[in-house]
Amino acid sequence: MSIQIRHRAAREHRITLIGLVKPKTTRKSRKGNVFDRDAFTIDWDNKQVTCSQDHTSTSWLTPVSVAPYIHAKFAKRDCLPCPLKPQCTRSEHRLVGFLPRELKDLQTEAHAEQQTRPWQRRYAIRAGIEGAISEFVHGHGMSQSRNRSQGKAHVQHVLTAIAINIERVAAHGPLARERPPRTPTALQGFLDWQRIPQPRTWRTTG
């Protein structure tokens, strides 16, 4: 789940979405010997970014796009002679992209919250919800409606939900009493009398 969707749901609908916010994986974040975006210090007030070598960015841009990312670019005169350049970027200068301040703070908070046990217990409920949706779609054809009107489609959904609930209740009903084993046949009685071992499948219940 993207942090933009979570922020929009809280702002426009006043609901809290419970979903896994994964960190963005790049070449720099997948390798441990390079500087990812967390290695840079962001000065929000002055709109500057500082690297580990105390070089500051020369530009602060917010390109027009669906995802509101900020791009901070460092100068070539700082990056080219830098001894740590191979661990930072393959181009002539480093370009750091990150979310706006409000979204970045929310992203940091989400990543920290995901490590707690209460959040993990709440997120585990999602597996049951997804299982129910999969049962509706694949087991009962909920992805297609048998009727044209919206009202009739709603009735179909309600009846299907009732049927699934009845199936689940029946599956967890009282267990049937075990039936007594069948009377041994003449051959089984003879084998028992002679103490000859016989396959266990011969003693199945009837």
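The model is predicted, so local features need pLDDT of at least 70, side-chain atom pairs count only at pLDDT 80 or more, and totals for chains, interfaces and linings use all residues. Residues are numbered from 1 along each chain as its sequence is written, and side-chain values use heavy atoms, with hydrogens and water left out.

Back to the cavity. A cavity here is a set of points, on a 1 Å grid over the protein atoms alone, where a 1.4 Å probe fits but cannot get out. Its volume is the space filled by probe spheres set on those points, which are joined across faces, edges and corners. How many cavities of 30 Å³ or more does a search of the whole structure find? One. Lining residues have an atom within 4 Å of a point. There are 15 of them around the largest cavity, and Phe40, Cys51, Gln53, Cys82 and Cys88 are the closest to its centre. By type, the lining has nine nonpolar, three polar and three charged residues. Nonpolar means Ala, Val, Leu, Ile, Met, Phe, Trp, Tyr, Cys and Pro; charged means Asp, Glu, Lys and Arg; the others, Gly among them, are polar.

Now the loops. Most residues other than glycine have a negative phi. Arg14 is not a glycine, yet its phi is positive, about 60°. Find Arg14 in the loop between helix H1 (3-13) and helix H2 (27-30). Helices (H or I, at least four residues) and strands (E, at least two) are DSSP runs, numbered from the N terminus. Is Arg14 buried or exposed? Exposed, because its relative accessible area is 79%. The cut-offs are under 20% for buried, over 50% for exposed, and partly exposed in between, with a 1.4 Å probe and protein chains only.

Asp54 also has a positive phi, about 65°, and is not a glycine. Look in the loop between strand S2 (48-50) and strand S3 (59-61). Asp54 is exposed, at 65%. His55 lies in the loop between S2 and S3. His55 is partly exposed, at 27% relative accessibility. From His55 to Phe74 is 19 residues in sequence, but 7.8 Å in space, C-alpha to C-alpha.

Last, the surface. Val155, Val158, Leu159, Ile162 and Ile166 make a nonpolar patch of about 440 Å². Patch residues have over 30% relative accessible area and no salt bridge; like charges are joined within 9 Å, nonpolar side chains (Val, Leu, Ile, Met, Phe, Trp, Tyr) within 5 Å. A salt bridge puts a side-chain nitrogen of Lys or Arg within 4 Å of a carboxyl oxygen of Asp or Glu. Ile166 lies in helix H6 (residues 150-171). Ile166 counts as exposed, at 54%.

Definitions and conventions
Areas by Shrake-Rupley, 256 points an atom, 1.4 Å probe, with all protein chains shown as cover. 1 Å grid on protein atoms, 1.4 Å probe; cavity = no way out; pocket = protein on both sides within 12 Å on 5 of 7 lines; lining within 4 Å.
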